[in-house]
Amino acid sequence: MANKKLQGRRALVTGASSGIGLEIARELARQGANLVVVARRTDRLEALATELREREGIEVLVQTADLADPSAPEALFAATEGAGVEIDLLVNNAGFGAYLPFSDTSWERYEGMIRVNMTSLTHLCWLFLPNMKARRRGWIMNVASMGAYLPCPTFAVYAASKAYVRNVTEAIDFELKGTGVHAISICPGGTTTEFLDHANQRLKPGASLAMMSAERCAKISVRKMLAGRRNVVTGYLNSFLMFALRFFPRGMYAFFGHVSLALGVESVPVKPAIATGEAE
Ligand SMILES: NC(=O)c1ccc[n+]([C@@H]2O[C@H](COP(=O)([O-])OP(=O)(O)OC[C@H]3O[C@@H](n4cnc5c(N)ncnc54)[C@H](OP(=O)(O)O)[C@@H]3O)[C@@H](O)[C@H]2O)c1
């Protein structure tokens with residue numbers, strides 16, 4: 001059933017060409033929101049736009065953008081708010097990681113990761129927030145990770161980028177009190193998407209049992225956003241584990257980060273196009 005809060009509103013979703021972002025776009029469309037879908041792979045965005053226009057009867061604009069390009073956020077803002085297309089919900093979901101020892105990842109890959117996961121996300125919040133505040137309504141949903149809670153050896157920059165996302169989002173939401181606008185950080189655990197391929201990870205035998213579907217992750221994310229939550233860890237077990245962390249000394253956190261990754265995934269060689277930060 002369509003949720004009245006989203007009916008007729010417009011959401012901009014980055015990373016809507018696959019995985020969690022694609023399912024968030026589907027869930028928002030199901031609840032009556034119009035969409036602007038953003039990623040590098042235009043063919044996938046066009047296919048999603050056709051699917052959602054036909055099935056949900058909503059408007060969908062396709063915007064191809066490489067969020068590792070510093071000019072991309074301004075261009076997205078100009079193509080939407082700048083052209084009279086109001087954005088009520090900004091979903092900063094695009095992101096990727098690299099599962100390798102710190103010195104074994106190219107600087108180009110780190111630079112792209114930092115731009116996509118942090119710089120563009122922050123820039124987009126900064127661009128879209130003032131109009132939301134002026135209209136006294138809106139939401140920002142920033143997709144972090146359970147990695148936001150822990151230093152993660154072999155995933156150091158990725159996990160640290162997500163700690164940034166969680167912290168900046170919670171601080172923004174605190175500042176937004178009384179404005180009619182809310183921000184939420186989403187901290188998924190293992191979720192079945194293309195993420196592992198792009199992070200040169202492979203699941204270990206049996207680890208798929210601990211994975212959540214992207215559809216479930218998306219539904220939880222939208223529900224918690226509408227409930228006004230500031231931060232959510234997806235899944236009951238994941239929530240419990242992140243809650244329980246506070247009872248352990250900080251000195252153990254990197255060990256926990258190492259063990260939780262080593263139990264679930266192994267590193268596999270990265271595809272050349274991904275290593276240089278290009279879309280496949
Ligand atoms: N899956 C998990 O286990 C997991 C766990 C915790 C957090 N997360 C987070 O969830 C978010 C979504 O990831 P996912 O799991 O759905 O992975 P995914 O299937 O690989 O999707 C990543 C999305 O980000 C987009 N993207 C990547 N680089 C981009 C760039 N330079 N410019 C524009 N778009 C870009 C991709 O689109 P194009 O390639 O078409 O550009 C794709 O749509 C990420 O922020 C990730 O860190 C995932």
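Colleague: How many residues surround the ligand, and which are the closest?

Modeller: A residue is near a molecule if its C-beta atom, placed from the backbone, lies within 6 Å of it. Here 29 residues surround the ligand, and the closest are Gly15, Gly19, Arg40, Arg41 and Gly95. This is a predicted model, in which local features need pLDDT of at least 70 and side-chain atom pairs count only at pLDDT 80 or more, while totals for chains, interfaces and linings use all residues. Residues are numbered from 1 along each chain as its sequence is written.

Colleague: Which helix gives the most to the shell around the ligand?

Modeller: Helices are DSSP runs (H or I, at least four residues), numbered from the N terminus. Helix H1 (19-30) and helix H6 (195-198) each supply at least two residues of the shell, and H1 gives the most, with three residues.

Colleague: How do the axes of helix H4 and helix H5 cross?

Modeller: Axes are lines fitted to C-alpha atoms over the stretch in contact, with angles from 0 to 180 degrees between N-to-C directions. The axes of H4 (residues 107-135) and H5 (residues 156-175) come within 10 Å and cross at roughly 5°, which means that H4 is roughly parallel to H5 (an angle under 35 degrees). Two residues are in contact if their C-beta atoms, placed from the backbone, lie within 7 Å; the contact includes Tyr110 and Met113 of H4 and Val157 and Tyr158 of H5.

Colleague: Which residues does Leu35 touch?

Modeller: Not counting residues up to four places away in sequence, Leu35 touches Arg10, Ala11, Val13, Ala25, Leu28, Ala29, Leu52, Ile58 and Val60.

Key
Parallel < 35°, antiparallel > 145°, perpendicular 65-115°, else oblique.
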